[in-house]
Amino acid sequence: MQPRNMSMSGVVDLAAVKAAQEAKAKAEQARAEAARKGGGGAVSPADLVIDVDEAGFEQDVLQRSAEVPVVIDFWAEWCQPCKQLSPVLERLAVEYNGRFVLAKIDVDANQMLMQQFGIQGIPAVFAVVAGQALPLFQGAAGEEQIRQTLDQLVTVAEQRFGLTGLTVDPEAEPGGQAAPAQAPAGPYDALLNAAAQALDAGDLGGAVQAYKNVLADDPGNPEAKLGLAQAELLQRVQGLDPQRVRKDAAEKPADAQAQIVAADLDLVGGHVEDAFGRLIDTVRRTAGEDRDAVRLRLLELFEVVGADDPRVTAARRALARALF
């Protein structure tokens, strides 16, 4: 099986938005606390590759992902491609010197985790960043492609979540407590934290306003643009009756508003291609103000997923064909 492309420019699983914001806030608090105490202990190179099971997954992967990206290698003893891939990942984990941690999960002993990640075959490699699971690739992959994927992962983790990695000391004893590298506070951290707190309290309107406050001063702020698109989407679908929405959309294929609402639900459920395809088909069937409303909502959903996502790129081409 060929490796699947990875996109980390946007968050598709919107159910994890709140958890991701909380994880980022906790990471920032951890950095501030470490700075106040003068830093923490370094980890040894042996701590960069760990075996993880279901009992330790929350602490070893989810909680740790608030400090450093965690790459997960799903493998099994009988899997021959795994035996080729795993040593490469282990070597790169040490070479990247704390920019990510490699968690190895034996699928035979951890069937529940395999099911939760929806894995159909191994080897399968995921990453967890600030509580968000991201598919990297499945099947065999060359070292050059793996490096490119890891480079993208650590860049996004640093730029979007401020996760600069762990301090590695070759002299440190294995099992030492890691401390994330200190990152300077940005000018909008307080406002972005306010948005995270609003999401934590279920105040979607407050989160929307907090992101708008950032964009009022910095219109190009990528985190605020993404957060605003996500919060507004969650706000729109709040309180909807999914069964009624889908029934209306099925019965009224040319009704622009019915399709727009159904597309929002599609995206929240993780059905990205369905959401895009629904709106592109509606563009073809409508005209005037209805068509323009559908087009604008599609552009908003592009913001939620992220401009670099290949599904967005394909949908933009399809939209252009539908319009012209």
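These legends describe close-up views of a predicted model.

The model is predicted, with local features requiring pLDDT of at least 70 and side-chain atom pairs counted only at pLDDT 80 or more, while totals for chains, interfaces and linings use all residues. Residues are numbered from 1 along each chain as its sequence is written, and side-chain values use heavy atoms, without hydrogens or water.

**View 1. The protein chain holds 13 helices and five strands.** Helices (H or I, at least four residues) and strands (E, at least two) are DSSP runs, numbered from the N terminus. Of the 324 residues, 47% count as buried. Buried means under 20% relative accessible area; exposed is over 50%, and partly exposed lies in between (1.4 Å probe, protein chains only). Take the contacts between residues at least 6 apart in sequence: 72% of them join residues at least 24 apart. Contact means heavy atoms within 4.5 Å.

**View 2. A disulfide joins Cys79 to Cys82.** The S to S distance is 2.4 Å. A disulfide is a pair of cysteine sulfur atoms within 2.5 Å; by this rule the count is one. The torsion about the S-S bond of Cys79 and Cys82 is about 80°, so the disulfide is right-handed. Both Cys79 and Cys82 are buried.

**View 3. Asn110 sits in the loop between strand E3 (101-106) and helix H4 (111-116).** Asn110 counts as buried, at 4% relative accessibility. Leaving out residues up to four places away in sequence, Asn110 touches Val52, Asp53, Glu54 and Ile105.

**View 4. Leu163 lies in the loop between helix H5 (143-161) and helix H6 (189-200).** Leu163 has 3% relative accessibility and counts as buried. Val129 is 34 residues from Leu163 along the chain, and their C-alpha atoms are separated by 8.6 Å.

**View 5. Helix H7 (residues 204-217) crosses helix H8 (residues 222-237) at roughly 155°.** Their axes come within 9 Å. Axes are lines fitted to C-alpha atoms, for helices over the stretch in contact, and angles run from 0 to 180 degrees between N-to-C directions. H7 and H8 are therefore roughly antiparallel. Angles over 145 degrees count as roughly antiparallel, under 35 as roughly parallel, 65 to 115 as roughly perpendicular and the rest as oblique. The crossing of H7 and H8 is left-handed: the near helix is turned anticlockwise from the far one by less than a right angle, whereas clockwise would be right-handed. Residues in the contact include Leu204, Val208 and Tyr211 of H7 and Leu228, Ala231 and Leu234 of H8. The contact of H7 with H8 has 10 nonpolar, three polar and four charged residues. Here Ala, Val, Leu, Ile, Met, Phe, Trp, Tyr, Cys and Pro are nonpolar, Asp, Glu, Lys and Arg are charged, and the others, Gly among them, are polar.

**View 6. Helix H10 (residues 256-268) and helix H11 (residues 272-285) cross at roughly 165°.** Their axes come within 7 Å. H10 and H11 are therefore roughly antiparallel. Their crossing is left-handed. Among the residues that meet are Ile260, Ala263 and Leu267 in H10 and Val272, Ala275 and Leu279 in H11. By class, the contact of H10 with H11 has eight nonpolar, two polar and three charged residues.

**View 7. Helix H12 (residues 288-305) packs on helix H13 (residues 310-323) at about 165°.** Their axes are 10 Å apart. That makes H12 roughly antiparallel to H13. H12 passes H13 in a left-handed crossing. The contact includes Leu298, Leu299 and Phe302 of H12 and Val312, Ala315 and Leu319 of H13. The contact of H12 with H13 has nine nonpolar, no polar and four charged residues.
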